[in-house]
Amino acid sequence: MRIDVITLFPGMFDVLRENGITRIALERESAGLSCYNPRDFTGDRHRTVDDRPYGGGPGMVMMPEPLDRCIDAVRQANSGPLIYLSPQGETLDQRLVEELAGLPSLVFLCGRYEGVDERILVSRVDREVSIGDYVLAGGELAAMVLIECMLRLLPGVLGSAESATQDSFSAGLLDHPHYTRPEDYRGMRVPGVLLGGNHAEIGRWRLNRSLERTRTRRPDLLERRMLSEVEQQLLTALDTEQNDE
Ligand code: 6GU
C-alpha cells in the first residue's frame, strides 16, 4: 500500500517510521509512506501557505495555490483517493479502516489553522474523514491514527494473522479480558477456565465476557449488530444469572 501525506509538519510522521508495528510495516516493501509539504510549493520569499479568511473572524485559512501545486506533484505518483482529515468528515470506525486498508494507494491532506480553502475541498478531495467528536489542532494526528489502524491490518504485519480478526470491533463487540503469568498476582487469580485447556469452554467464556462488557459499556454496539443464535442465548443466560443474584 502506498500512502502520500500532504502536511506542513512532515516530521510528525517520523513517529510512525521509528516505532512499533508501523515501523515494521514501513520497513517492508508492502507499504510506503511519503510526505509532501505545501510550503515547498509556494512562490513568495516567505513561503506563505495561509491567509486571512474572507468575511473576517479569527484564525487563518490554508491558501489554494500551494495546495493545488502540491496535490499536482503527489498525483505524479499516486492516483488513489484523496482524503481530507477534518472534524467535519464521516467518523472513522473499523469498517472504514478495513475498506481503506484494502486499497493500493491513498493520499491524505492534513489541514492546519481554521482549515483549507473550500475550493480545494470541492475540486480535489474525494472524501472527508474525522476520528471523533473533538477538535485537534490539525489533521496530522488523525492521519497517523488512520495510518496505524490500516498498517496493522496488512498481511504479515501483526504477530499472528488471527490477532486482527479477533480484535475488539472487527467482530463488533468489545474485547474480553486477557491474563498472563503469574497465575496468582497479589491475590488476584486468573479465572480457572483459562487454565484448563478446554478450548470450547474458553471460547464460550471469552464470548460471554465480550457480550457482558459490550452491554454494560457500549450498548449502542449491540443494538446495531445482528446477534447469532449462540450469542442471543448467552446474553439471555447472563440476564438470568444477574436476576438470580
Ligand atoms: Cl480529522 N482533524 C481535526 N483537526 N480535528 C479532529 C479530527 C480531524 N478528527 C477529530 N478531531
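**Ligand surroundings**

Tutor: In this predicted model, a nitrogen atom of the ligand has a backbone N or O atom of Leu136 at 3.0 Å. The protein covers 96% of the 290 Å² of accessible area that the ligand has on its own.

Student: How far is a polar backbone atom of Tyr134 from a nitrogen atom of the ligand?

Tutor: A polar contact requires a pair of N or O atoms within 3.5 Å. For the polar backbone atom of Tyr134, the separation from a nitrogen atom of the ligand is 2.5 Å.

Student: Which strand supplies the largest share of the shell around the ligand?

Tutor: The shell includes Leu85, Ser86, Pro87 and Val129. Strands S5 (82-91) and S7 (127-130) each contribute at least two of the shell residues. The largest share, 3 residues, comes from S5.

Student: Is Arg75 buried, partly exposed or exposed?

Tutor: Arg75 belongs to helix H3 (residues 64-75). Beyond its neighbours within four places in sequence, Arg75 contacts Gly80, Pro81, Leu82, Val107, Arg124 and Asp126. Buried means under 20% relative accessible area and exposed over 50%. Because its relative accessibility is 27%, Arg75 counts as partly exposed.

Terms used:
Residues numbered from 1 in each chain as written. Predicted model: local features only at pLDDT ≥ 70, side-chain atom pairs only at ≥ 80, totals over all residues. Heavy atoms only, no water. Helix = DSSP H or I, 4+ residues; strand = E, 2+ residues; numbered from the N terminus. Buried < 20%, exposed > 50% of the residue type's maximum accessible area, 1.4 Å probe, protein only. Contact = heavy atoms within 4.5 Å. Near = heavy atom within 4 Å. Polar contact = N/O pair within 3.5 Å; in protein donor to acceptor, adjacent residues only side chain to side chain. Areas by Shrake-Rupley, 256 points an atom, 1.4 Å probe, with all protein chains shown as cover.
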